[in-house]
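Dear colleague,

Here is the structure I said I would pass on. My notes on what turned up in it follow below.

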Amino acid sequence: MPTAAFPTPLGTCSISWQDDMLTGFQLPPASGEAAAIPPWVANVITRVQRHLTGELQDFSDLPYAFESVGDFAGQVYRATLQVKAGATCSYGEIAQKLGQPPAVSRAVGTALGANPWPLLVPCHRVVAGDGKMTGFSGPGGVKTKLRLLALEGAQLFAE
């Protein structure tokens, strides 16, 4: 599976694809092989770079390889793509969007913790029901989550 690393204001990110589908994305520090980058992937890279300089992008139109993550996780990622830059929602709200009871919020968190496309599928925009910043599986943990939310202009409250 081809992977390409590229510079961003946060550091080196990488993107992976197979044929015409995105199979992965990594936040810094990331690495990747030198690969011939198809034009559609180059466009995604440009959009990520713009997003991380404050020219916010909506990545919901990208061709994610959802079939590689399982049905429930795919549903969670599709619902998460609806959370736009500058906004947040809770794990329970994602469960509710899926027609599930609040108890499913833990499973939502587990799915988001395994998100193969952090930033693109904006798992950083999902917070605890009380608004607290909970774990973030990307490099840098909650610190990176807060940095991404601040970049996007999300309203954050101190404890």
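**The sheet and its helix**

Three strands form an open sheet in the order β1-β2-β3, and their pairing is antiparallel; two strands count as paired if DSSP finds at least two bridges between them. Helices (H or I, at least four residues) and strands (E, at least two) are DSSP runs, numbered from the N terminus. The edge strands, each pairing on one side only, are β1 (3-8) and β3 (21-26). On average, neighbouring strands of this sheet are turned by 25° against each other, direction ignored.

Before the rest, two remarks on the basis. This is a predicted model, in which local features need pLDDT of at least 70 and side-chain atom pairs count only at pLDDT 80 or more, while totals for chains, interfaces and linings use all residues. Residues are numbered from 1 along each chain as its sequence is written, and side-chain values use heavy atoms, with hydrogens and water left out.

β1 and β2 (residues 11-18) run antiparallel and are joined by six bridges. They form a hairpin with two residues between them. Threonine 8 has glycine 11 in β2 as its bridge partner, and alanine 5 has serine 14 in β2.

β2 and β3 are also paired in the antiparallel sense, over five bridges. Here tryptophan 17 has leucine 22 in β3 as its bridge partner. The hairpin of β2 and β3 has two residues between the strands, and aspartate 19 in that hairpin takes a positive phi near 55°.

Which strands does helix α1 touch when it packs on the sheet? Helix α1 (residues 39-51) touches β1, β2 and β3, and its direction makes about 30° with that of β1. Contact means heavy atoms within 4.5 Å. Axes are lines fitted to C-alpha atoms, for helices over the stretch in contact, and angles run from 0 to 180 degrees between N-to-C directions.

Histidine 51 lies in helix α1. Histidine 51 counts as buried because its relative accessibility is 0%; buried means under 20% relative accessible area, exposed over 50%, and partly exposed in between (1.4 Å probe, protein chains only). Leaving aside residues up to four places away in sequence, histidine 51 touches Leu56, Gln57, Phe59, Leu119, Arg125, Leu151 and Glu152.

**Aromatic pairs**

A search of the whole structure gives five aromatic pairs. Rings of Phe, Tyr and Trp (its six-membered ring) pair if their centres lie within 6.5 Å; planes under 30 degrees apart count as stacked, over 60 as edge-to-face and the rest as tilted.

Phenylalanine 6 and phenylalanine 25 have ring centres 6.3 Å apart and planes at 50°, so this pair is tilted. The pair links distant parts of the chain, with phenylalanine 6 in strand β1 and phenylalanine 25 in strand β3, 19 residues apart. Both phenylalanine 6 and phenylalanine 25 are buried.

For phenylalanine 66 and tryptophan 117, the ring centres are 5.6 Å apart and the planes are at 80°, so the pair is edge-to-face. Phenylalanine 66 lies in the loop between α1 and α2 (71-80), and tryptophan 117 in the loop between α4 (105-113) and β5, so the pair ties together parts that are 51 residues apart in sequence. Phenylalanine 66 and tryptophan 117 are both buried. One aromatic cluster is formed by Tyr64, Phe66, Tyr77 and Trp117.

**Helices α2 and α4**

The axes of α2 and α4 come within 9 Å and cross at roughly 85°. The two helices are therefore roughly perpendicular to each other; angles under 35 degrees count as roughly parallel, over 145 as roughly antiparallel, 65 to 115 as roughly perpendicular and the rest as oblique. On the α2 side, Phe72, Ala73, Val76, Tyr77 and Thr80 meet Ala107, Val108, Ala111 and Leu112 in α4.

Ala73, Gly74, Val76, Tyr77, Ala79 and Thr80 are buried in α2. The buried residues of α2 pack against α3, α4 and β5.

**Helix α5**

In helix α5 (residues 141-151), the buried residues include Gly141, Thr144, Lys145, Leu148 and Leu149. Seen down the axis of α5, its buried residues fall within an arc of 135°, so they line one face of the helix; the arc is that of the directions from the helix axis to the C-beta atoms. Lys143, Arg147 and Ala150, on the other side of α5, are exposed. The cover over the buried residues of α5 includes α3 (91-97) and β5 (126-127). Just after α5, glycine 153 takes a positive phi of about 80°.

Regards
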